[in-house]
There are 2 protein chains.
Amino acid sequence: MENLAIEYENLDQKVYQLVKGMIENRQLLPGKKIPQEKLAKEMGISRTPLIAALKFLEHEKLVEAKPRRGYYVRLFSIEEMVSIFEIREVLEGLSARRAAKVITKDEARQLQTIFQPYLSVDDITDYQAYSRADRQFHMLIADIASREFLTSILQTFNIISLAYQYPTREGLIRHPNETIHDHLKIADAICNHDSETAEKLMREHLRSAISELTKTM
Amino acid sequence: MENLAIEYENLDQKVYQLVKGMIENRQLLPGKKIPQEKLAKEMGISRTPLIAALKFLEHEKLVEAKPRRGYYVRLFSIEEMVSIFEIREVLEGLSARRAAKVITKDEARQLQTIFQPYLSVDDITDYQAYSRADRQFHMLIADIASREFLTSILQTFNIISLAYQYPTREGLIRHPNETIHDHLKIADAICNHDSETAEKLMREHLRSAISELTKTM
DNA sequence: ATTATGAATTTTGAATACAAAATACATTTT
DNA sequence: AAAATGTATTTTGTATTCAAAATTCATAAT
């Protein structure tokens with residue numbers, strides 16, 4: 001009677017992923033209007049599933065709906081960025097704590113790998129690559145934590161994505177030469193199952209971004 | 001050139017509020033399918049804006065889309081409830097801290113008013129009314145905090161709403177006779193601008209719900 | 001030359017349309 | 001009677017349509 005259910009799917013999620021990707025790699029720029037007809041044509045679909053995807057993104061605050069005027073890629077003020085990082089502080093602190101409790105050997109290897117390429121470099125200049133690594137790092141920790149969370153509630157907040165909309169240096173607030181140390185220490189704490197330290201370090205890491213931001217206000 | 005813009009609006013948000021309300025007052029029950037045609041007719045609109053609203057609710061996890069099968073009101077397992085409360089712990093802790101910093105005289109009065117009716121009662125039996133007060137209390141704190149957050153990022157998570165989907169006693173996990181004291185102390189701390197204590201008490205309050213929940217697992 | 005006006009064009013919000021899939025119901029088979 | 005099958009009905013996902021609103025662009029007025 002109940003389903004060993006074949007799971008079907010609809011276009012919503014695929015289109016959502018695509019558009020989100022376009023925002024993340026700056027094919028769609030903050031502040032710019034999203035051309036519905038054009039985009040839909042490019043993807044070979046009608047406006048209906050595109051609008052569905054935009055609704056998701058609107059809810060994630062990655063996109064803004066201006067009624068009768070269309071959808072725009074969200075552009076954050078410094079003040080809003082501070083809010084985003086305050087929320088990240090507590091949420092990713094929780095992620096780090098939980099990740100430390102449930103991480104597997106394999107995931108630990110993955111986590112350690114991300115910043116491997118930068119260990120021997122003493123001045124990091126490729127911001128784009130480092131920004132990608134940074135995001136990957138924070139996302140992976142959220143993913144690991146979310147496995148045991150059973151729901152993937154944490155990622156749906158998507159607060160991490162918002163953070164990279166900062167207008168300079170590929171969304172990086174502090175210089176890679178500084179943050180690389182934070183990242184390595186956090187990774188160590190998580191891999192050593194030291195949940196208390198992991199939470200503490202992650203919070204401090206994000207708090208540093210906040211002080212940096214408030215300086216520019 | 002730029003707008004002192006008249007702000008227009010569309011049906012999405014109104015329909016969203018309506019459907020959300022129906023879920024909150026249990027006119028639509030957890031696990032039950034949402035009858036689109038019927039609902040749309042009742043509201044005097046087409047399915048288009050209703051579906052838009054359901055997409056929002058899906059993203060908030062208040063509703064679940066089963067492709068080719070429709071939308072269902074979300075039913076949470078105990079494990080998922082624990083996750084929800086872990087997230088509430090850190091997020092509402094942050095809210096309480098910020099609220100304590102920015103609360104006005106007027107808002108303080110409002111906050112103190114919510115549990116006024118229960119001060120003289122020594123056995124609270126109207127769970128429905130108390131549940132409403134409880135939600136109002138947590139929401140108000142989030143609102144106050146969000147004013148200074150500039151974006152209303154915090155409420156959009158809507159994690160608070162999820163919490164009341166718990167299947168017994170109108171979504172209340174601990175008995176009102178116990179929680180009333182927590183609430184009064186939290187309100188006091190916030191009204192006295194004691195942000196540290198406010199955060200600590202709010203966290204403890206939610207942590208108690210978590211232990212209660214884990215007992216039943 | 002800038003600013004204002006207004007028609008022409010494009011875009012939006014929402015209803016409607018419709019094929020494909022799911023569900024409900026009746027009928028037949030075991 | 002229970003299970004399986006087939007048919008009718010309903011519902012879903014997506015495209016299409018269309019009026020109302022916004023934008024663009026050309027022209028006229030200051």
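Guide: Gladly! Axes here are lines fitted to C-alpha atoms, for helices over the stretch in contact, and angles run from 0 to 180 degrees between N-to-C directions. Please keep in mind that this is a predicted model.

Visitor: How do the axes of helix H2 and helix H3 of chain B cross?

Guide: Helix H2 of chain B covers residues 36-43 and helix H3 of chain B covers residues 47-59; their axes come within 9 Å and cross at roughly 110°. Angles of 65 to 115 degrees count as roughly perpendicular. H2(B) is therefore, relative to H3(B), roughly perpendicular.

Visitor: Which class has 5 residues in the contact of H2(B) with H3(B)?

Guide: H2(B) contributes Gln36(B), Glu37(B), Leu39(B) and Ala40(B), while H3(B) brings Arg47(B), Leu50(B), Ile51(B) and Leu54(B). Sorted by class, this contact has 1 polar and 2 charged residues, and the class with 5 is nonpolar.

Visitor: Is Val82(B) buried or exposed?

Guide: Val82(B) sits in helix H4 of chain B, residues 78-102. Leaving out residues up to four places away in sequence, Val82(B) touches Ile210(B), Leu213(B), Thr214(B) and Met217(B). Buried means under 20% relative accessible area. Val82(B) has 12% relative accessibility, so Val82(B) counts as buried.

Visitor: How far apart in space are Val82(B) and Leu213(B), C-alpha to C-alpha?

Guide: Leu213(B) is among the residues that Val82(B) touches. In sequence the two are 131 residues apart, yet in space their C-alpha to C-alpha separation is 6.7 Å.

Visitor: How many disulfides does a search of the whole structure find?

Guide: A disulfide is a covalent bond between the sulfur atoms of two cysteines. The search runs over all chains, and its count is 0.

Conventions
Residues numbered from 1 in each chain as written. Chains lettered and ligands numbered in written order. Predicted model: local features only at pLDDT ≥ 70, side-chain atom pairs only at ≥ 80, totals over all residues. Heavy atoms only, no water. Helix = DSSP H or I, 4+ residues; strand = E, 2+ residues; numbered from the N terminus. Parallel < 35°, antiparallel > 145°, perpendicular 65-115°, else oblique. Contact = heavy atoms within 4.5 Å. Nonpolar A, V, L, I, M, F, W, Y, C, P; charged D, E, K, R; others polar. Buried < 20%, exposed > 50% of the residue type's maximum accessible area, 1.4 Å probe, protein only. Disulfide = S-S within 2.5 Å.
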